[in-house]
Amino acid sequence: NPIVLDMAYNAVEFPSLENRM
Amino acid sequence: AVEDLFTSIHRHIEAGAFEQAAKVADQVLKAAPGDEDAVRCKVVAYIKADEIDKAFAAIRAAERLPIDLSYYKAYCCYRQNKLQEALELLRGQEETSAVLQLESQIFYRLGRMNDCMSSYEKLQKFKIDSMDLKINIIAALVAAG
Ligand SMILES: [K+]
């Protein structure tokens, strides 16, 4: 089977730190 | 101060220094145990660093906290080929594009091509214009014959 790209890796996101800095 | 530590985490993330970001997130957790942003930063930083065992350990360490880490855990299970466990973790979750993308990859690995295509169909409503997505859909179509 062809290799499937790991889109889910990019979908794992850091929380917004805007209000924490 | 915790604010300075978060500024440092932010800089490490921007620089792609994910191991460093995880270490600073750990410092936040020493100063502010259970801080949700720090927990999430630590887990995501280890995932981005491809340190899946460490990501798992960080998830386990946060088990008693009221923070839903099930998507991260499902992703880590997927990376370690614990595909049924990964599916269980996604079950009942809101069908966000992230959930559907992961689900489609799990189904693909399981050879469940009809389910895989159905995840892709549900993904269409998010109007993701991504070459990766197109490549994956073609791969699933080819595998489905
Ligand atoms: K795959």
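The chat below goes through a predicted model with chains A and B.

Biologist: What are the elements of chain B, from the N terminus on?

Modeller: The order is α-α-α-α-α-α-α-α-α. Chain B has nine helices and zero strands.

Biologist: What does the C-alpha trace span along its principal axes?

Modeller: For chain B, about 55 × 30 × 25 Å.

Biologist: How much of chain B is buried?

Modeller: Buried residues are 46% of the 145 in the chain. Among contacts in chain B with a separation of 6 or more, 43% come from residues 24 or more positions apart.

Biologist: Now the largest nonpolar core. How many residues, and which have the most contacts inside it?

Modeller: That core has 61 residues. Ile9(B), Tyr71(B), Tyr72(B), Leu102(B) and Tyr120(B) have the most contacts inside it. Helix H3 of chain B, residues 36-48, gives the most to this core, with eight residues.

Biologist: Pick Tyr72(B). What is it in contact with, leaving aside neighbours within four places in sequence?

Modeller: Both chains show up. From chain A there are Val12(A) and Glu13(A). From chain B there are Arg40(B), Val43(B), Val44(B), Ile47(B) and Ile59(B).

Biologist: On to the interface. How many residues are in contact, chain B with chain A?

Modeller: 37 residues of chain B with 19 residues of chain A. The area buried between the two is about 2500 Å². Carbon and sulfur atoms give 67% of that area.

Biologist: How many salt bridges across it?

Modeller: The rule finds two. Asp35(B) forms a salt bridge with Arg20(A), with the closest N and O atoms 2.6 Å apart.

Biologist: And how many residue pairs in polar contact?

Modeller: Ten, counting pairs with both residues at pLDDT 80 or more.

Biologist: Which helices of chain B supply the side that touches chain A?

Modeller: H1, H3, H5, H7, H8 and H9 each supply at least two residues. That side of chain B divides into 23 nonpolar, six polar and eight charged residues.

Biologist: Take Asn136(B). Where does it lie?

Modeller: In helix H9 of chain B.

Biologist: Buried or exposed?

Modeller: Asn136(B) is buried, because its relative accessible area is 0%, and the cut-off for buried is under 20%.

Biologist: What does its side chain reach?

Modeller: The backbone nitrogen of Leu5(A), at 2.7 Å. Leaving aside neighbours within four places in sequence, Asn136(B) is also in contact with Val4(A), Met7(A), Gln105(B) and Tyr120(B).

How values were computed: Residues are numbered from 1 along each chain as its sequence is written. Chains are lettered from A and ligands numbered from 1 in the order in which they are written. This is a predicted model: local features need pLDDT of at least 70, side-chain atom pairs count only at pLDDT 80 or more; totals for chains, interfaces and linings use all residues. Side-chain values use heavy atoms; hydrogens and water are left out. A nonpolar core is a set of buried Ala, Val, Leu, Ile, Met, Phe, Trp, Tyr and Cys residues joined through side-chain atoms within 4.5 Å. Buried means under 20% relative accessible area, exposed over 50%, partly exposed in between (1.4 Å probe, protein chains only). Helices (H or I, at least four residues) and strands (E, at least two) are DSSP runs, numbered from the N terminus. Contact means heavy atoms within 4.5 Å. Buried area is the accessible area (1.4 Å probe) that two parts lose on being put together, summed over both. A salt bridge is a side-chain nitrogen of Lys or Arg within 4 Å of a carboxyl oxygen of Asp or Glu. A polar contact is a pair of N or O atoms within 3.5 Å; within protein, one must be able to donate a hydrogen and the other to accept it, and residues adjacent in sequence count only if both atoms are side-chain atoms. Ala, Val, Leu, Ile, Met, Phe, Trp, Tyr, Cys and Pro count as nonpolar, Asp, Glu, Lys and Arg as charged, and the others, Gly among them, as polar.
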